[in-house]
Structure formats: C-alpha cells, structure tokens
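Please keep the structure in view while reading.

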Amino acid sequence: MKELLKRTHMCGDLRSENIGEEVVLNGWVASYRNLGGLIFIDLRDKTGISQITFPDSSPEDLISAASHLRNEYVVGIRGKVVERSSKNPNIPTGDVEVIVRELSVYSKSETPPIYVKDDDQVSDALRLKYRYLDLRKQHMQNNLTLRHRITKATRDYFDKEGFTEVETPMLIKPTPEGARDYLVPSRINKGSFYALPQSPQMFKQLLMVGGTDRYIQIAKCFRDEDLRADRQPEFTQIDMEMSFADQEDIITMQEGYLKYLMKTVMNVEIETPLPRLSYEEAMNTYGSDKPDTRFGYKLVKLNEIVRGTEFKLFNDCLESGGLISGICIQKGGSKYSRKAIDKLTDLVKTYGLRGLVWIKPEENNINSSVNKFFDQEKLGEIVKAMDAVPGDLILIAADTCKHVLNGLGFLRRHIAEEMGLLDNSKYNFLWVVDFPLFEENEEGELKAMHHPFTSPKMEDVDKMESDPKSVKANAYDIVLNGFELGGGSIRIHDQEVQKIMFKTLGLTQEECEEKFGFFLEALKYGVPPHGGIAYGLDRMAMLLAGEDSIREVIAFPKNQNAQCMVSEAPGIASNEQLRELGLKLDIGI
C-alpha cells in the first residue's frame with residue numbers, strides 16, 4: 001500500500017497561470033510513452049488529462065518506477081507545473097505539463113478488455129459489461145456531471161418556489177397504469193405482491209389531500225415494457241404537484257423552470273412564453289403529438305384538390321373517409337432517386353401505409369409516379385398547394401387518418417436527419433395542449449389517453465358519458481426537438497367526476513374499490529383543486545448532452561433484454577428463497 005498523495009488540483013484544471021506551482025495530481029494512466037529515458041504519461045481523472053513528464057535527469061529510482069507504468073494504473077504524482085515546449089491546442093491543459101519529483105503507484109491494471117477513450121468503437125455489449133471502465137471516458141463523466149447539474153438546478157429552482165421534496169413508497173399495490181408492473185412477492189403476506197411504482201401518481205395526489213401544497217421528487221419509476229433508445233425498465237422522473245393551481249399556473253411555473261435550467265446548465269437563453277399547439281394541430285401539421293419544429297416539412301391536406309381524379313388509390317381513400325396528405329422536401333429532388341424513394345416507401349409500410357406517391361417539379365415539366373393519372377394542370381395545383389418549386393420533392397400518402405399521420409410524421413423527421421437538418425445546438429421547446437381525454441385501444445375499447453385521474457375540460461364534463469370521444473383533457477405535454485420531455489394534467493378532485501371517469505372506462509364499482517379503494521376513500525375528505533407534471537430526467541439529460549440514447553446518461557443501464565450486464569441481473573432465486581415466499585416456478589407458462 002502506497003501513501004496517498006493529497007491532491008491539490010484535478011487533472012483537467014491546470015492552466016498557464018499555474019506555471020511555477022508545486023501540485024499533486026491523482027488519476028489513471030491514459031497513455032504512456034518512453035523515449036529512451038524521457039517518459040511521458042497522460043494522467044486522467046473525470047475533469048480531463050494533464051501531461052506528466054519524467055525527464056531523463058530524474059533520479060534513477062523515479063525513472064525505474066515510471067518505466068513500469070502502463071495504461072490504467074492508478075497513480076499519484078507530485079511535481080512542478082512548467083510551460084510545454086510542444087503545446088497541444090486540442091486540450092484545455094495543453095499549454096503546460098508537470099515535471100514529476102515524486103510518484104506513488106496505488107494500484108496496477110491488467111490490459112483492459114475495452115479501450116478507455118471516447119472513439120474506441122467497441123460494441124455496446126462490451127461497454128455495458130465493463131461499464132466501470134466505460135465510465136472513465138471523458139464524455140461519460142461529462143454526461144453524469146450534466147445530469148447532476150440538472151438535478152441540482154431543479155432542486156434549487158423549486159426550493160425557491162416553495163416546493164417540498166417528499167419521497168413516496170417504492171412498494172405499492174399493483175394498479176393499471178398502461179404498462180406491466182414489476183411485481184415483488186411478499187414473504188410475510190404469502191400469495192400477495194407489491195408492485196414497483198410506474199409513477200408516484202396517486203401518492204403525490206394524496207400529498208395534495210394532505211396539505212403539502214407544492215411537492216417535488218426526483219423519483220425512480222419502473223415499467224416492464226419493451227425497450228428502445230429512450231426507454232429503460234427503471235427510469236427517473238422529475239415529479240411535481242401543485243395545489244390550488246390551474247393549467248396556466250402550472251405552465252407558467254414550468255416555463256420559469258425551463259428558462260432557469262437552460263441558462264444554469266447550458267448557458268442558453270430561451271424565450272418565454274413558449275409556443276403552444278393543440279393536439280389536433282400538432283397531429284395534422286406534423287403527424288406527431290411531439291413535433292420537431294427545428295425544420296419544416298409540414299403536412300398539407302390534399303383531399304379536396306385530388307377529389308374526382310382518375311387515380312383509384314385516392315378515390316378509394318376518399319370514399320372510405322381517409323386522409324390524403326403530403327410533405328414537401330426542399331431541394332430533395334436530386335437527393336432522392338427513384339431507388340431512394342423506394343427505400344422510403346418500404347420504411348413507411350411499417351406504419352401501415354401501402355405506398356407513397358412522389359412528385360418532382362422541374363423548370364418546364366412536372367414529373368411524378370402518377371403522370372398517367374394526372375395531367376400537368378392538376379399536378380400544378382398540387383405543387384402550388386405544397387409551396388413547392390423546381391428541385392423540390394413532394395411525397396404523398398393516402399390511407400386511414402392514423403396511418404397517414406403516423407407514416408408522414410415518421411418520414412418528415414427521418415428525411416430531416418438524412419438532409420442534415422437536426423441541429424442539436426437548437427432547443428425548440430413547445431407545449432401541446434387540448435388532448436382528447438379518451439382514446440381507443442386495438443379492441444375499440446375506451447382508455448384514458450394519459451391516466452384515469454386526468455380532469456376533463458370544465459366545459460366538457462357533461463359529455464363524458466354521452467359523447468366521451470369529444471371530451472378534451474385538461475392536459476399538457478412539453479416537447480423538445482421531437483421528444484416528449486414531460487407531461488401533466490389538472491387532476492380530478494371531485495369524487496363524482498372521478499366515478500364518471502371510471503364508469504366511462506368500463507370499470508365496475510368492485511374493480512374501482514379493488515384497484516383504487518384507498519384513493520377513492522381520500523377523495524371523500526376535502527380535496528384541493530390540483531395538478532402537476534413529470535419530466536423524464538433521463539430523456540432530458542440525453543437531449544441536453546446531444547446523445548441518441550438514454551443509456552449514455554445512466555451510470556448502469558440495462559440492455560435490450562432488460563439485463564444488467566455488470567451484475568448479471570436478473571438472477572435465479574434459490575429453492576429456499578422461493579419456499580420462503582410461498583412460490584413455485586412453472587417455466588412452461
């Protein structure tokens with residue numbers, strides 16, 4: 001065991017103004033070069049690297065010890081900061097180096113199974129298996145630091161606004177919230193199960209009943225669902241609730257928070273109030289309820305322009321009450337050949353679309369995939385409606401409203417990425433409001449679009465039973481660059497309205513008591529009007545870090561099979577553990 005050298009500086013902190021100072025640094029050997037007695041190492045910690053030099057004039061025992069250093073050894077050094085003769089403009093510490101007079105080797109390292117550098121090109125599987133090595137990379141440390149700064153700024157802002165941070169239970173009763181619960185068997189109450197919370201929804205509402213007034217929590221949540229780039233089985237919400245507040249109060253509070261957050265964490269000024277779109281406007285214009293507005297490619301409805309033409313696909317679509325809509329890709333005519341358009345067509349088939357019609361306006365002609373069905377005059381009307389000019393590309397879809405909006409919504413963002421229009425230095429926030437209260441599942445049954453505690457608009461309460469599909473929710477989502485950053489609603493505080501909500505969803509009185517009995521009991525004893533919102537912290541950190549996956553901002557994420565590659569969770573329970581829980585496995589289920 002070597003004596004610990006108490007560091008005076010972090011490796012990434014040294015600058016020209018430190019020249020002449022004696023410093024102590026601790027860290028990992030990032031690289032090693034022996035030039036025949038003159039030894040250089042790059043010493044790395046979470047802040048960056050410093051060049052450390054052992055001149056050939058150093059004592060023999062120091063040179064000998066330095067000659068045995070290798071990558072990822074953990075060392076401490078004491079030495080003097082001097083100006084580098086060969087400066088490195090690519091790193092902040094590139095003007096200086098440290099001439100070592102004392103070295104302490106704390107621990108050695110075998111050759112790592114992955115390179116500890118940002119451009120290592122190693123597989124995701126290896127990165128996750130050796131995450132503790134992957135975390136040494138500068139960009140991973142930067143991401144964790146960014147996440148820390150987000151949570152600190154969040155707590156600071158809401159503390160000043162009178163919010164109280166309260167922890168809610170992790171072992172709760174299974175309730176239907178849209179995704180599968182993770183179940184935890186009870187040893188004491190054999191045959192019964194806890195669920196890990198999908199969100200603290202009911203408990204934060206109970207805190208409002210309990211008079212907390214303004215609540216916030218950085219809350220762990222769990223959902224047993226299929227994974228994707230911005231989804232993990234365990235994730236973190238910035239969760240909050242406010243009493244005696246309406247939608248405008250909550251939106252105003254959140255805009256103040258986002259303005260403070262972006263300035264504090266990113267040094268970016270955003271203008272408030274933020275733009276707002278209704279759900280209907282967002283879907284019809286962008287094909288998404290989380291539209292990316294960093295680029296154009298807006299959807300244009302063409303039903304009336306193409307009505308009465310000889311093209312059977314369009315006529316059949318109109319007769320069945322479908323939608324015909326298009327997007328215009330500026331300067332896309334030369335970018336997308338027929339072969340490239342065929343690839344786009346294959347992509348949108350996964351969204352239910354059977355195909356795409358393309359039109360390319362040229363200087364003296366309009367070329368298209370439907371020239372034999374449309375004359376130049378009618379094609380010209382479409383080109384005019386799409387605000388297209390020569391060199392542009394128009395893509396048109398005709399199908400059910402759902403398929404067209406989903407397909408073109410995907411396509412506009414996919415093409416924008418291929419055209420290089422997704423600028424991660426731009427932060428386009430917007431609100432989407434006026435959601436439907438209900439939506440239909442695949443079986444045609446009504447379900448809550450958000451959750452069953454969302455309040456309807458006051459003017460729509462009387463239609464909840466007679467015309468539920470027309471009822472608008474008192475709900476709002478905050479969107480950033482095509483991602484839902486957070487969502488919330490005003491809650492139902494009237495027990496009679498809550499009963500109507502459950503009835504409309506087809507829940508019997510017995511089912512309501514079984515699933516929500518404790519919550520319904522609380523509604524009997526004086527509930528303040530209240531509402532709230534929850535942000536996805538992982539997604540927020542991903543977007544602000546400019547990453548493509550939330551795994552890049554989570555220290556120990558799961559893989560696509562919901563496995564922790566480091567600890568090898570989930571594991572097998574022993575027969576003794578199963579007997580204690582009163583469980584017996586039947587893998588054949």
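## A pair of roughly parallel helices

The model discussed here is a predicted one, and in it the axes of helix H5 (residues 201–209) and helix H14 (residues 509–522) come within 10 Å and cross at roughly 15 degrees. H5 and H14 are therefore roughly parallel to each other, and their crossing is left-handed.

On the side of H5, the contact is made by Met202, Gln205, Leu206 and Val209, while H14 contributes Phe516, Phe518, Phe519 and Ala522. Sorted by class, this contact of H5 with H14 has seven nonpolar residues and one polar residue, with no charged residues.

## A pair of roughly perpendicular helices

In general, two packed helices are described by the angle between their axes together with the distance between those axes. For helix H7 (residues 279–286) and helix H12 (residues 401–418), the axes come within 8 Å and cross at roughly 65 degrees. Because angles of 65 to 115 degrees count as roughly perpendicular, that is the description that applies to H7 and H12.

Where these two helices meet, Met283, Asn284 and Tyr286 belong to H7, and Leu405, Asn406, Gly409 and Arg412 belong to H12. The contact of H7 with H12 has three nonpolar, three polar and one charged residues by class.

## Cavities and a pocket

How many cavities of 30 Å³ or more does the structure hold? There are two of them, and the second largest cavity has a volume of about 40 Å³. The residues that line this second largest cavity are Leu128, Arg131, Phe556, Pro557, Cys564, Met565 and Val566. By class, six residues of that lining are nonpolar and one is charged, whereas no polar residues are found in it.

Turning to pockets, the second largest pocket holds about 640 Å³ of space. Its lining is made by 20 residues, of which Tyr182, Leu183, Val184, Pro185 and Pro570 lie nearest the centre of the pocket. Strand S7 (residues 183–185) supplies the largest share of this lining, namely three residues. When the lining of the second largest pocket is sorted by class, 15 residues are nonpolar, one is polar and four are charged.

## Backbone features in the loops

As background, most peptide bonds are trans, and most residues other than glycine have a negative phi. Against this background, the peptide bond from Thr272 to Pro273 is cis, with omega near 0 degrees, and Pro273 is found in the loop between helix H6 (247–266) and strand S11 (276–278). The peptide bond from Ala569 to Pro570 is cis as well, with omega near 0 degrees, and Pro570 is located in the loop between helix H15 (537–545) and helix H16 (575–581). Pro570 is also one of the residues that lie nearest the centre of the second largest pocket.

Is the phi of Asp213 positive or negative? The phi of Asp213 is near 75 degrees, a positive value in a residue other than glycine. Asp213 has its place in the loop between H5 and strand S9 (214–222).

Note on methods: Residues are numbered from 1 along each chain as its sequence is written. This is a predicted model: local features need pLDDT of at least 70, side-chain atom pairs count only at pLDDT 80 or more; totals for chains, interfaces and linings use all residues. Side-chain values use heavy atoms; hydrogens and water are left out. Axes are lines fitted to C-alpha atoms, for helices over the stretch in contact, and angles run from 0 to 180 degrees between N-to-C directions. Helices (H or I, at least four residues) and strands (E, at least two) are DSSP runs, numbered from the N terminus. Angles under 35 degrees count as roughly parallel, over 145 as roughly antiparallel, 65 to 115 as roughly perpendicular and the rest as oblique. A crossing is left-handed if the near helix is turned anticlockwise from the far one by less than a right angle, and right-handed if clockwise. Contact means heavy atoms within 4.5 Å. Ala, Val, Leu, Ile, Met, Phe, Trp, Tyr, Cys and Pro count as nonpolar, Asp, Glu, Lys and Arg as charged, and the others, Gly among them, as polar. On a 1 Å grid over the protein atoms alone, a cavity is a set of points where a 1.4 Å probe fits but cannot get out, and a pocket is an open set with protein on both sides within 12 Å along at least five of seven lines; lining residues have an atom within 4 Å of a point. Grid points are joined across faces, edges and corners, and a volume is the space filled by probe spheres set on the points.
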